[in-house]
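Visitor: I am new to this structure and would be grateful for a close look at one part of it.

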Amino acid sequence: FMLRQHVLKLYRNFLRAIREVPDQENRTELFHWTRSDFKNNKHHTDEYTIKMLILHGERQLKNLKQTVALSR
């Protein structure tokens, strides 16, 4: 239950970060990439695997935010 909330929060944070991307084409591409990535990994049930995917996602989100900040 707690992991599910964490994943949903991470997904929402990705969508918020993507909204800040200035170029519409890049925004659309990032949205589709994010959606497919989360969809492709939703079958995982092992708690350790989910935690590792969350950590990977948080790193990716941090990189995305830094890239968006630099592009402004």
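Visitor: Is Glu47 buried, partly exposed or exposed, and what is its relative accessible area?

Guide: Glu47 is partly exposed, with a relative accessible area of 45%; buried means under 20% relative accessible area, exposed over 50%, and partly exposed in between, with a 1.4 Å probe and protein chains only. The model is predicted, so local features need pLDDT of at least 70 and side-chain atom pairs count only at pLDDT 80 or more, while totals for chains, interfaces and linings use all residues. Residues are numbered from 1 along each chain as its sequence is written, and side-chain values use heavy atoms, with hydrogens and water left out.

The side chains of Glu47 and Lys51 form a salt bridge, 3.0 Å from N to O. That term denotes a side-chain nitrogen of Lys or Arg within 4 Å of a carboxyl oxygen of Asp or Glu, and by this rule the count is one. Side chains of opposite charge can pair when their charged atoms come close.

Elsewhere in H3, the buried residues include Ile50, Ile54 and Gly57. The buried residues of H3 pack against helix H1 (2–19) and helix H2 (24–40).

Methods: Helices (H or I, at least four residues) and strands (E, at least two) are DSSP runs, numbered from the N terminus. Contact means heavy atoms within 4.5 Å.
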